[in-house]
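Me: Please take a close look at one part of this structure. Keep it simple and tell me what surrounds it.

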Amino acid sequence: MKLLIKGGRVIDPAQGIDKPLDVLIEKGRIASLIQPASRVRPAMDKVKTIDATGCIVAPGLIDMHVHFREPGFEHKETIESGCAAAAAGGFTSVCCMANTNPVNDNQAITLMIIAQAQKANGVRVYPIAAATVGQNGEAATEIGELKTAGAVALSDDGNEIRNSQVARLVLEYASMFDMPVILHCEDMYLSQGGQVNEGFVSTELGLPGIPNAAEESMVARNLILAEMTGAPIHIAHVSTAGSVDLIRWAKARDVRVTAEATPHHLTLTEKAVRGYNTQCKMSPPLRSEQDRIAVLTGLADGTIDAVATDHAPHDDRLKIVEFDKAANGVIGLETALGLMLRLVRQGQLDLPTLIQRMSTAPARIMGLPGGSLAVDQPADVVVFDPEQEWTVDAMCLRSRSHNTPFDGWSLPGVIKATIVNGRIVHSG
Amino acid sequence: MRLNRKDLLGLEDIAVDEIKLILDTADSFKEFGSRIIKKVPALRGKTVVNLFYEPSTRTRTSFEIAGKRLSADVVNFSASQSSVGKGETLIDTMKNIEAMQPDLIVVRHGSAGAPHMLARMVECGVINAGDGAHEHPSQALLDMLMIRDVKGRINGLTVAIIGDISHSRVARSNIYGLTRMGARVRVCGPKTMIPAQIERMGVEVFHDVRKAISGVDVIMMLRIQLERQAGALLPSLREYARHFGLTPEIIKAAKPDATILHPGPINRGVEISSEVADCQRSMILNQVTNGVAVRMALLYLLTGGAGDETAD
C-alpha cells in the first residue's frame, strides 16, 4: 500500500528542504518527494492520501530521553502506554532510560524491553543501558554485550558517576563500541537535600536550594574527561547558563560532546514552583529566567544539539504529597512539540531549526535511522498543523501518569499523523 | 469583626490592616489570662484540631490553651501516635480529620508548604503553626505584639534577627510582618546560614553581630538547632557562641534600651548567655504569655468570632 502526504510544507533539515512538496511512501520507505505542480502522479488507485494542507510534514520526532518504567513500575507507565503517548506527540522513535527495576544493566532486560516494544504500536523503542552495574557508579556494565542486545547508549541517568576514575573507564571502554555515554551532571554533595533552584524563590519558600554549581562543576569534569579520552559524551537536560558556556567552550576545543535541553526548562522558571507546585519539581530544578534564556540561546545557536523531554511519569501518590517528599519529574511526550512551537511563535527559534533539534540531531547523536525524509530512508514522518491550538487536559493524555505542569495550557500544534515505517500509528 | 480569609498560612501576603486587627484583638484578650476564671464562651461549640506532625510542646500548648480559654473543643492529634506511622498520606489523614467536621485545623509540619497543600484540599480553615523552614506566622505576630507592647509602635524601628536565617521559619515570618509594618530589618549570621538573595526580601545582611545590633531597637535571637550541626554549617557550637552569641559584653554595642527576644527554647551559653536571657531587657517569657493572646485572636477571627452568643 502506498501513502501520499499531499499539500503540506515539507521541512527536512537534513536535506535543507523547506517547501511545498508531496511525500510518497512505498513499502515503508520514502519513495519520492514530488513537486506539487508535477504532472508525474502515482497511480491513484492503490494510494491512501493524507491531506496535509496547512500542515508541516517533517521527519518523525525522536526523543532520546524518556522513562517508560517497564519493568518495575508499570502502574506509572508501560512501554505500550509510553508508545501511545509518543505517537500522540508526533514521536516516531524514543530512547528509554535504564532506571527501571531491575535496572537495565544486563542483556536480559534490554531484550525484554525490545520484545515489549514489538507488541506496542510500532513506535521505535531503543533501550539505553546503564553505564555501571545497578547504576551504582562502581563498575562498568558489559557494554559490548549490551550493544549486541540492542542498547544504543549508556547512562546512569539520574545518578552521576561520582568516582571520576570509573567515569573515565566507562568512557574509554564505551568508545570502543561507539556507544555515546549520556551523563546526568550533578554533584550530589552540592545538591544534597535540595528541592528547588537555589535563589530567591528557595529562600522565600524555605526550601533547600540546588545551586547552579552542582550541575556546572560536574559538566566541567565530564567535559575534561571527554577531551582526555576522546569518547563521545552527551550532557542530559542542561539547565544553567554556566553549563551552556562550558559546552560552548568544549565544542570550540573539538571535544566530542553533544547536549540536550527539555521543553520544560526552556519554558518555565523557578517561579513556577511558588505555591509549592509539586508538578514543577524536577531534577535538575527549574532555574532562573537568565538560565532559561541562556539555554534557549544555546539551543538556537547549536551549542545545545537536541530537545529531549525526559518524560518521567509518576503517579499521584508521589506527586500529591508534601513538596519535599514529592518525586522529581514531569511527563512530556504529548506537550513537547506544542511547547517548542510556542517558542517558535515567540521568535526564539525557526521551524527548520526546531525540526533539526527534535529529529535530525537526536538521530545523529544516537546513531538511529530516521531524522530525514531522504528517498529510501524509513518512512518515519510527522504531519502537524502548527497553527491549530489545543488545550492540555492532564487526565486525557495517553500516558498512564498525569504529572504535568502544563495542565490547562493552550498549545499550538495539532498532530495530524504520526507515521512509523510507512504505517500510521496515530492520526488526529 | 473578622479576618476576611479562610486560612492563615503565612505573613507573606497579609495586609497591614489585617496585622493591626489581629494585634488589637490579641490586646483585648490579654487580660483573660489574669482572671480567676480564664474562660469566655466566644467559641463554644467550635472544634479546633491541633494537627502536629512535629513535636512542639510550646506552640501546641499555646494553641490548646488559647482554644480552651475561648471555650472551643480542642483536639490534639500528633503524628507519632497516628495512622501516619502506618503509611497514610498527609492528604488522607487530613480528609479523615475533615470528615469529623472541625472548624479549624492548626497544623505544624516539617515540610515547607504542607499547610498550603492542606488549605487547598479542605473546606475548613487552616492555621500554619510552622512549616519546615518556611513560615511561623503566629510566632511572628506574637513577636510583633511584644514589640508594640514595649516600644509602643513597630513603624520606624530597627530590628536585628540573629542566627540560622536559612532554616528559620520565625525569621521569614518576622521579615514579612515587620517590614510590612514599617520596621527596618537586619539579619545576621554566619554565611553558611544566610539564604540566597535574602536582600530581595528587603533586609540588610550582616556577618558581624556587633555591627548588626549597633543602634537597633530590638534584637531577636534565633535558636541554633543543635541537631543541624551535623550539616557542617558550623565548625562548632563553641565557635558559634564566640562569634554570634549574645553576651553582656557584645550587647553593649546595642542601644541601652534595646529589647531582647527569642522564640525559644533557648540554648543557654550558645546563642544567648544566661545573663542576657534573664536580664531586664529580655522579654522571652513575656513573649510566651503574648503567644496565647495572639493565638486566641487568630482562632477567634478565623472562626468568624462569637458563634452562639445568644445562648449566654
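Reply: Leaving aside neighbours within four places in sequence, A:Pro208 is in contact with A:Gly193, A:Gly194, A:Gln195 and A:Val196. The model is predicted. A:Pro208 sits in the loop between α6 (200-205) and β12 (209-210) of chain A. How exposed is A:Pro208? The relative accessible area of A:Pro208 is 41%. Buried means under 20% and exposed means over 50%, with partly exposed in between. A:Pro208 therefore counts as partly exposed. Now look further along the chain. A:Ala236 is 28 residues apart from A:Pro208 in sequence, and 23 Å separates their C-alpha atoms.

Other loops of chain A hold details of the backbone. Take A:Lys27, in the loop between β2 (17-26) and β3 (29-34). Its phi is near 50 degrees, a positive value in a residue other than glycine. A:Lys27 has a relative accessible area of 76%, so A:Lys27 is exposed. A:Asp376 also has a positive phi, near 80 degrees, and is not a glycine. A:Asp376 lies in the loop between α12 (351-366) and β16 (381-391).

Next come two cis peptide bonds. One joins A:Glu70 and A:Pro71, with omega about 10 degrees. A:Pro71 belongs to the loop between β6 (61-66) and α1 (79-88). Another joins A:Ser283 and A:Pro284, with omega about -5 degrees. A:Pro284 is in the loop between α9 (263-267) and α10 (289-301).

Key:
Residues numbered from 1 in each chain as written. Chains lettered and ligands numbered in written order. Predicted model: local features only at pLDDT ≥ 70, side-chain atom pairs only at ≥ 80, totals over all residues. Heavy atoms only, no water. Helix = DSSP H or I, 4+ residues; strand = E, 2+ residues; numbered from the N terminus. Buried < 20%, exposed > 50% of the residue type's maximum accessible area, 1.4 Å probe, protein only. Contact = heavy atoms within 4.5 Å.
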